[in-house]
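Have a look at the sequence and the fold first, and then we'll go through some of the details together.

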Amino acid sequence: MSAGLVPPSETVARQQRASDPATSAWVGANAGSGKTFVLARRVIRCLLAGTPANRILCLTFTKAAAATMSNRVFRELGRWAVMADAALAASIAEIEGGEERTVAPARVTKARRLFAEAIETPGGLKIQTIHAFCESILQQFPLEADLSGNFTTLDDLQAREAIDRARERVIVEASAAGPDDPAGAALADVVAATGEATIGGALDAVITARDDLRRWLRETGDLDAAFADLAVALGVDPTDTDAALVAEMLASPEFPAAAVARLAEDFAASGKRDQDQATAMRTALGAGSPETRLAAWWSVFFKKDGDPKTATYLASQAMQKRHPDFLDRAAREVERLGRLAERRAGLAAFVYTRALLRLGDRVIGLYEREKRGRGALDFDDLVGRAADLLSRSDAARWVQYKLDKGIDHVLIDEAQDTNPRQWRIVKGLTEEFFAGEGARRPGRTIFAVGDEKQSIYSFQGAAPATFSQTRDDFRRLAAGVGGAFADVRLAMSFRSTAAVLSAVDAVFRDPERRARVLADAADYTEHAAVRARAPGRVEVWPMIRAEKQVEPEAWSAPLDATSAAMPHVRLAQRIADEIAAMLRPGVTLPGTGEGIRPRDVMILVRKRGVFVDAMNRVLKERGIPVAGQDRLKLTDHIAVADLIALGRALILPEDDLALATVLKSPLFGRDDDDLIAIAAGRDEGESLDGALVRWAAGDAGRAATLERLTRWRDLARRLPTFELFARILSADGGRRAFRARLGSEADDVLDEFLALAL
């Protein structure tokens with residue numbers, strides 16, 4: 001919660017209710033409303049109420065969130081350790097909502113010791129990511145989870161490499177097997193549907209959903225049974241073939257071939273639109289491929305966007321009079337073709353999905369086999385195994401009994417991003433809180449805080465709607481044992497201004513928009529701002545649409561050359577105009593009277609891409625100081641690719657591709673003609689490096705290229721990495737060369753490259 005801001009008494013009361021350690025609580029919190037503040041306070045109040053640090057479990061979604069929360073708790077406890085008694089009593093009263101004079105000296109003494117107790121208690125505060133907690137559970141109960149006691153955990157990179165190996169092996173084996181093999185036929189179907197370039201991404205989608213696939217296979221029995229289930233779900237007959245459906249679409253009962261031929265003759269003698277119809281009819285009757293004929297027949301009745309043609313486009317008035325039944329027959333044909341097109345689309349979806357599932361199942365099988373051989377689990381396995389462990393009746397009771405003796409409070413941060421398997425873990429951990437002996441032990445609670453509108457991890461299985469559904473489940477459980485349960489809404493934002501928040505509320509006043517985001521539209525809480533009088537403004541600019549691109553006259557221009565007419569460049573220019581206007585003398589920050597400085601402006605983007613590069617370039621061209629991007633993916637930038645290629649060429653003279661790349665880079669400035677001249681003159685088996693020596697003989701300009709390369713190779717043997725590249729980019733003019741060709745935005749990339757080299 002932002003310092004220096006005084007929240008209304010109602011907000012303070014809600015925060016105190018949410019942080020009360022005697023009450024289970026479900027907190028729906030708008031953006032900037034102090035979620036971490038309330039969560040940290042609840043941890044502190046649990047400690048203050050006498051709960052040992054190692055009996056509190058706080059689950060977060062990321063390591064950064066865990067670190068932030070841990071720092072906030074320890075920072076507050078550290079302040080308490082050195083506070084004067086009166087100040088500490090006031091702080092305790094403030095956090096608990098009481099009065100300073102009611103805080104007993106013994107509680108002040110206890111509060112002062114909390115910092116040391118939290119550090120010295122074996123195990124300490126358990127503020128962990130869900131994956132870290134699952135790993136600790138499985139390490140504690142490996143036999144119950146059917147694991148070896150020395151299993152290892154694959155990080156994201158290791159898991160990705162193992163999946164890539166399995167995927168490549170399956171594709172290679174399927175390619176070699178041919179169309180008579182099920183995997184070979186599946187590969188052919190996938191390639192036909194998506195192309196070779198995208199097959200990897202398609203398989204990755206199946207691999208990501210491998211837990212759902214495995215569960216589906218367990219329910220149906222095997223792959224073939226799953227395919228039958230899929231056919232029923234899609235409403236298709238798996239014995240159908242695309243060729244048969246195409247043939248059926250071409251065999252029109254309303255328009256036999258002879259009738260179509262007569263219609264084509266009549267339409268060809270009419271106006272331009274009728275003549276186009278005649279051409280399509282004749283193509284449909286022609287000797288082309290079935291696909292070509294079907295496309296022509298489809299175009300007789302449907303527009304390019306797929307909508308049926310109106311009567312005017314189907315036939316002119318003259319043709320309608322000459323063939324009075326044509327429109328009625330055409331309407332029936334449109335309905336028939338549309339119905340068959342849906343069947344064809346459903347069959348294509350079935351064939352493609354079946355092929356992907358068959359290949360994906362083999363990839364998953366190889367990946368799982370490699371993990372078993374290594375005695376390893378990935379992050380998904382950690383969650384899945386822990387969820388199974390805590391929900392299996394035979395092992396769960398023993399595990400829950402052991403854990404039940406060690407956890408009194410469970411807190412979940414960013415609960416809207418918790419997926420159903422993770423909720424199974426939470427329910428397994430807290431089941432004993434509301435049943436049997438566990439329920440009779442006082443003071444055991446569950447706390448969750450989140451906001452369905454802020455869910456960003458749907459690609460990892462997050463189900464925001466589960467947040468409200470799980471709240472209702474725990475409310476019933478608490479009521480069943482007479483426990484207190486608080487459903488708290490935090491609407492007051494400490495971050496944004498009223499103008500920004502009212503714009504968000506205006507968007508979500510539409511019930512349809514709310515329904516797309518929230519499981520229960522009643523859960524939407526309109527925002528309020530603590531900084532109600534702070535200046536703010538929201539402007540909605542008209543969308544910048546792409547203009548028709550003019551083909552460049554120079555055939556040698558790069559295909560990805562940036563044009564000033566491109567939408568992202570025009571947007572960058574408009575934003576730069578706005579910033580330049582803000583920085584003019586006499587323009588001040590509202591409410592302060594101070595002039596606006598470049599450092600006062602921040603540009604937020606949905607994602608980093610070509611717009612960010614264009615924005616940096618435009619600002620630098622205008623002379624507006626800019627700090628650059630907050631994060632760079634260096635390997636995507638051509639300047640870094642050139643520097644990496646240079647490193648290879650310096651230490652591996654036999655790497656012809658690296659040397660060719662470097663020679664064409666700004667560092668040497670040679671062109672295609674030079675490369676052809678060097679390469680074409682090589683003797684059989686000669687490297688490009690050897691040919692370069694002969695090419696440079698007798699020409700001062702060529703000799704300078706060779707001399708620079710030779711000198712840098714000598715430096716590479718003597719200098720560390722940072723010193724080498726710093727020398728190349730500064731004293732030897734490399735940075736000037738990159739700026740001249742790539743623009744001033746290359747500076748940010750080169751600086752970050754040098755920082756990593758250092």
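## Contacts and overall shape

Take the contacts in the protein with a separation of 6 or more: 71% of them are accounted for by residues 24 or more positions apart. Keep in mind that what you're looking at is a predicted model.

The protein has 35 helices and 10 strands. Its radius of gyration is 34 Å, well over the 27 Å that the globule rule gives for 758 residues, so the protein is more spread out than a compact globule. Along its principal axes, the C-alpha trace spans about 100 × 80 × 65 Å. As for what's tucked away, buried residues make up 40% of the 758 residues.

## The six-stranded sheet

Now look for an open sheet of six strands, in the order β3-β2-β6-β7-β1-β8, with parallel pairing. β3 (126-129) and β8 (485-490) are its edge strands, each pairing on one side only. On average, neighbouring strands of this sheet are turned by 15 degrees against each other, direction ignored.

Helices pack on this sheet too. One of them is α1 (residues 9-18), which touches β1 (24-29), β7 (445-450) and β8. The direction of α1 makes about 140 degrees with that of β8. Another is α2 (residues 35-48), which touches β1, β2, β6 (409-412), β7 and β8. Here the direction of the helix makes about 165 degrees with that of β7.

How many of the five residues of β2 are buried? Five of the five are, so β2 is largely enclosed by the rest of the structure. In a regular strand, side chains alternate between the two faces of the sheet. In β2, I56, C58 and T60 point one way, while L57 and L59 point the other way.

β2 (residues 56-60) has a partner in β3, with parallel pairing over four bridges. On that side, L57 has K126 as its bridge partner, and L59 stands opposite Q128. β2 also pairs with β6 in the parallel sense, again over four bridges. There, C58 stands opposite L411.

## Helix α19 and its cap

Next, hop over to helix α19, which covers residues 379-391 and has 13 residues. From its first C-alpha to its last it reaches 19 Å, close to the 18 Å expected at 1.5 Å a residue.

The N-terminal end of α19 is capped by D378: one of its side-chain oxygens lies 3.2 Å from the backbone nitrogen of D380. The buried residues of α19 are D381, L382, V383, G384, A386, A387, L389 and L390.

R322 sits in helix α17 (residues 317-322). Is R322 buried or exposed? With a relative accessible area of 54%, over the 50% cut-off, R322 is exposed. Its side chain joins that of D266 through a polar contact of 3.4 Å. If you look from R322 to R531, 209 residues apart along the chain, their C-alpha atoms are separated by 75 Å.

R475 belongs to helix α23 (residues 465-480). At 33% relative accessibility, R475 counts as partly exposed. The side chain of R475 makes a polar contact of 2.9 Å with the side chain of D472. Leaving aside neighbours within four places in sequence, R475 is in contact with F485 and D487. P590 is 115 residues from R475 in sequence, and the two are 47 Å apart in space, C-alpha to C-alpha.

## A buried serine

Last stop: S493, in strand β9 (residues 492-493). Why does S493 count as buried? Because its relative accessibility is 1%, and buried means under 20%.

What is S493 in contact with, leaving aside its neighbours within four places in sequence? The residues are A31, G32, S33, L501, A528, A529 and V530.

Definitions and conventions. Residues are numbered from 1 along each chain as its sequence is written. This is a predicted model: local features need pLDDT of at least 70, side-chain atom pairs count only at pLDDT 80 or more; totals for chains, interfaces and linings use all residues. Side-chain values use heavy atoms; hydrogens and water are left out. Helices (H or I, at least four residues) and strands (E, at least two) are DSSP runs, numbered from the N terminus. The expected span of a helix is 1.5 Å times one less than its number of residues. Buried means under 20% relative accessible area, exposed over 50%, partly exposed in between (1.4 Å probe, protein chains only). A polar contact is a pair of N or O atoms within 3.5 Å; within protein, one must be able to donate a hydrogen and the other to accept it, and residues adjacent in sequence count only if both atoms are side-chain atoms. Two strands pair if DSSP finds at least two bridges between them. Axes are lines fitted to C-alpha atoms, for helices over the stretch in contact, and angles run from 0 to 180 degrees between N-to-C directions. Contact means heavy atoms within 4.5 Å. The radius of gyration is taken over C-alpha atoms; the globule rule is 2.2 Å times the number of residues to the power 0.38.
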